[in-house]
Every structure is written in structure tokens, then in C-alpha cells.
Amino acid sequence: MTETGSLIMNNNHSDAIVVGAGLAGLVAAAELADAGKSVLIVEQEGENSMGGQAHWSLGGLFLVDSPEQRRLRIKDSAELALQDWLGSAGFDREEDYWPRKTAEAFVEFAAGEMRPWLYDQGMRWFPVVGWAERGGSTATGHGNSVPRFHITWGTGPGVVAPFERRVREHMDQGRITLKARHQVSRILTADGRVTGVAGEVLAPSTVQRGERSSRDVIGDFEFLAGAVLVTSGGIGGNHDLVREYWPRDRLGEPPASMVSGVPHHVDGRMIAITRDAGAAVINSDRMWHYTEGLKNWNPIWPNHGIRIIPGPSSLWFDANGRRLPAPCLPGYDTLATLKEILKSGHDYSWFVLDQSIIEKEFALSGSEQNPDMTSGQWKEVLKSRLGKGAPAPVEAFKKHGEDFVVADDLKTLVDGMNRLTGEQRIDYQRLHAELTARDNQMDNPYAKDAQITAIHGARRYLGDKLFRAAKPHRILDPQHGPLIAVRLHILTRKTLGGLHTNVDGQVLDRAGDPVAGLYAAGEVAGFGGGGYHGYNALEGTFLGGCIFSGRRAGRHAATVV
Ligand SMILES: Cc1cc2nc3c(=O)[nH]c(=O)nc-3n(C[C@H](O)[C@H](O)[C@H](O)COP(=O)(O)OP(=O)(O)OC[C@H]3O[C@@H](n4cnc5c(N)ncnc54)[C@H](O)[C@@H]3O)c2cc1C
């Protein structure tokens, strides 16, 4: 069976085809249709998967010098944000020209038009701005100098909503057509330009959003268009690809075991398919995986991992019980910590903390793990965040999660840690000595321990003091118990490299020239340019990059089709 574009579009073809109905695809499609163009969205999952990963996200956005920041007396500027960005990115390759240009354009957007544009579409943000990825080394190095992580009311679904609404309105008017369960396997070309896509029609999906759907083929298709925009996401759900591109020279061998922070559809297939149509792929060895992964006790997708977004107080030990050195502190420097953990020869590490810390400092990433914020109801947020105990999803992990050990005394905790791994790597005397030495730094409002200094620094920011950093106290003080140990896995998430594009999302060939009729945006393009983060991300820049690059690609494509 072959279904042709003529069945659904005027004149045997649409103005543009968007491959993937994730956030970047929705933004690009909405912009194209607003410009009066006919758009076909081709998506391998069911229609209930619209929004892709963004639906599951926490909805955190990198914004600069926002009203939310100013209300909290955070002094931020485009200049400071760019300094942080460039210090984190460490652009050092010839092919970093467009990634860097895209980063500069994004920072300007994040400090200017981004918030008002999103606000006008109905988006709002939680008033306490989060301080993600603090860096912890020098002012010119990696990290956010100030809090910039703005959680959207309604979390991920709140980010998707305005763009899905715009797309559905255009669908009602016949300007956009969505072909769900259509998997693209080829990009068509003729006379040196891209002319459409071809692939397989998959059997109707019977699964809930996020669950693994079948790849049973019931037909094939070929659609033609003036331009094709690839917005198919990264590689985080495909551990074979993650291992293939793992930066062994910088991080050592890839972990033997990892959990998946993204659904199964984040399969990376479109990268090679687009390369076959002439695209250059750059920075494939740059990726962003987290070190605070939990095995989800209530999984949705295969090998489902949940990331803890930690406050600053948990003590971090490698699998052998060696405390990680600064800047490997919770929430400071993701990739330095990943490297440090793998140096131990094991692929897991431990947080050791207590009940007071878990109540104030543990947040879980993901819309379904934050039902209070996802509901968009203040009442729910205050009840959950300021009430007694940790938020319900955190308590549920403490109770049901296989990675948690809870005990009233340290000896029992250590026994539990060793029982959990089946290895006798944690030595009670050594851990006791570490915790006692750390606790002895607690009697003054200053200390020589870098982590204690970081806690005091964090609490000088009102947002952290109120919501994120527990009052400094002795961990071995039973009043703050019980003690808790959490085994942390490496969790795959984001792809920092990808299809090489210019700032307008035009895909470039190996000579650096645009491939006529071909665009890319979102994670498949390294969030813009082929990797606008460079080596390190500042957080909130993934959704932001999808919005920015989807908008630029959609608007530019609309001028040429
Ligand atoms: C739990 C979680 C929390 C997160 N939290 C944040 C956060 O707070 N802040 C932040 O900035 N980022 C966050 N992110 C990251 C962010 O959500 C993603 O990077 C972003 O949504 C990627 O969007 P995308 O449109 O590029 O790709 P995707 O969302 O992956 O969408 C791509 C779509 O293309 C489809 N597709 C792929 N290949 C084909 C093909 N061959 N044919 C047809 N269709 C195809 C896929 O099925 C999918 O629907 C989070 C991610 C997760 C999973």
C-alpha cells in the first residue's frame, strides 16, 4: 500500500513536512502554518504522544533577567549569561562556528523576546527561580553564576500546551495534517534538493503515552513537500548509540549499566537517515547524562530512570565509599561528577543524607513526579512543598524504590548498603569518620569543607533558603533521622551534538553549505547549530533550544516554500 501526499494535500504536495511531533516539531509547524503554509507532521508514535519528551519534562526554562529573578533580587544580564554559557561550552572545534553563533543568538532571545512571547501565549512560571548546575570552580569556568531555571506552571505539559493548541487549531482549519504512526526511514531527494520523505505505516498504537509501542509495519508511504524539517529528538533511549559515541577520551569507558531518562521513541534513527540525504553530523561525542538516576519503581517506558534534582547537602560517595571531591557536589557539575564516579571502576554512587535533607532538598525531575506543580494549583504546591514530610512522590520512592536504604543508625545503614549491592564495599569505620569530620564543620557559619561553604552560600539566596537548602545541621544527629542512603545510577538523557545547521535551522552538508529544502531543529540538531551547548549545559536550555530553533527553522522555511 502506498499513500501519497496527493490524498491529503493540495497540488499533490504540502509546503513543508515536519518529522516528529515533539516540542521542536510543534513549534516549527505552528510557525509555518501561521505564515499560511500547508504542513504535514509525520510522527512514529500515536497521536497521544504529541509533545514528545517535553510532556514528561519538568518544564524548566533558562531565562535571563526575568521579572521572577528581579523579584528575588537576582542580578542577571545577557552579558553574564553569555559569560557563563561560553565558560560551560568550551567551544574548541572548527565546526563550533554555528553552535557558538546559535548560543549567542539564544542567550539574546532568553534575555529578550522569549519570555514575553511565551507569556503572550499563556505560559507562566513558578515564582522561585531554581539554581541549577552551579559549576563550583572559577568564574570563567562551567556553571550558572545565578539562579536561572524557571519552572513553568503545569511543568512539561504547560510548555507543550500553547504550541499543541496552535497546531490543533491549524489542524481544524486544514492547514496542518498529522500522520501518526508513520515512521520515516528515508529522505527523498531530486536534482540536489530534498523533496519529501518515505517510510512505513505502523500498526495502530494501543499503548499509553510514553510506553513502548510496536514497530509492526502495515504499509508504506511517500510524501512530497517544498521543505522537510527534521525534529526527531536525540539518542538517549538507544543505549547502543550512546555507547558508540561515548567520549572515552574525556569520560573513560561507558558504564556497564545505565537507566533510561527518556522514552523508547528517543531512538536516534533519523540522524543517520538525514546524513544519508547529505547532512553533516557534528559533535556526536558530546552528551549530557545525569549521575543521580533512580530505577523507577513504577516504570512507564523500558528501563525507566528518574533523576533526583538534589539540593546541596547530601554527601556523595563513590561505590567504594570514597567521598567525591569538589566540584562534584550535588547540583554543581554534572560531567565532572560523572567522570569522577566512573573513575572508581563502578557505574553507581551513593548519596548519604537524613530525613531533614530529603524533605527539603529532594526534587524528582519529570511532570508525573511533580503532580502539585503539574496541576498548576498553588494550594497543591504549598501543601506538598511546605507540609510535613517530603513531597508524596519522593516518599513513595523512599518506601518502594529499590535504591533506598533507610535506617535509624549508621551501622544498620551500612549493612543495608552492602546488602543492596551484594558487595562489601562500604566500610562502617570509614563512613563514620567521614560523617563525623563533616559534622564537626557545622559549628560555625563558615568552614573549610567546600560543600559546607556551598550550603552557606546557597542559603544566602532566598529561593534556596525557603525551598531547596536544608538548615545546616549534623547528619549524625538522631533528631534529623532516620539516615538515608540512595544508590544512584547513570541516567541517559540529552544529546548535545547532532545535525549541523546554521542559526536558521538550515541543515549543512559536509562542505558547510545548506542542503536545499532541508531543516532541523531541537535535540536532533544539538538544540540548534549542531550542538549549541558545547561540552556542558546550564539546564533549562533544552526546552529553550527546541523553542528557539523550532521557531527559527519554521520561520525561515516559511520564507522559501
Ligand atoms: C523526564 C524529562 C525531564 C526533562 N526536563 C527538562 C527541563 O526541565 N528543562 C529542559 O530544558 N529540558 C528538559 N528535558 C529535555 C527536553 O524535554 C527534551 O530535550 C526536548 O523535549 C526534546 O524535544 P524534541 O522535539 O527535540 O524531541 P522529542 O521530544 O524527542 O520529539 C521527537 C519526536 O520525533 C518522533 N520521531 C523520531 N524519529 C521519527 C521517525 N523516524 N519518524 C517519525 N517520527 C519520528 C518521536 O517519536 C518524537 O515524538 C527533560 C526531558 C525528560 C525526558
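The model is a predicted one, in which local features need pLDDT of at least 70 and side-chain atom pairs count only at pLDDT 80 or more, while totals for chains, interfaces and linings use all residues. Residues are numbered from 1 along each chain as its sequence is written.

In total 42 residues surround the ligand, and the closest are Gly20, Gly22, Gly52, Gly233 and Gly522; a residue is near a molecule if its C-beta atom, placed from the backbone, lies within 6 Å of it. By class, the shell holds 15 nonpolar, 22 polar and five charged residues, where Ala, Val, Leu, Ile, Met, Phe, Trp, Tyr, Cys and Pro count as nonpolar, Asp, Glu, Lys and Arg as charged, and the others, Gly among them, as polar.

The protein chain is divided into domain 1 (13-56 + 156-287 + 496-558), domain 2 (60-155) and domain 3 (290-491), with bounds from an automatic or database domain assignment. The C-alpha centres of domain 2 and domain 3 lie 26 Å apart, and their contact (C-beta atoms, placed from the backbone, within 7 Å) takes 18 residues from domain 2 and 19 residues from domain 3. On the side of domain 2 that touches domain 3 there are nine nonpolar, seven polar and two charged residues.

Definitions and conventions:
Contact = placed C-beta atoms within 7 Å.
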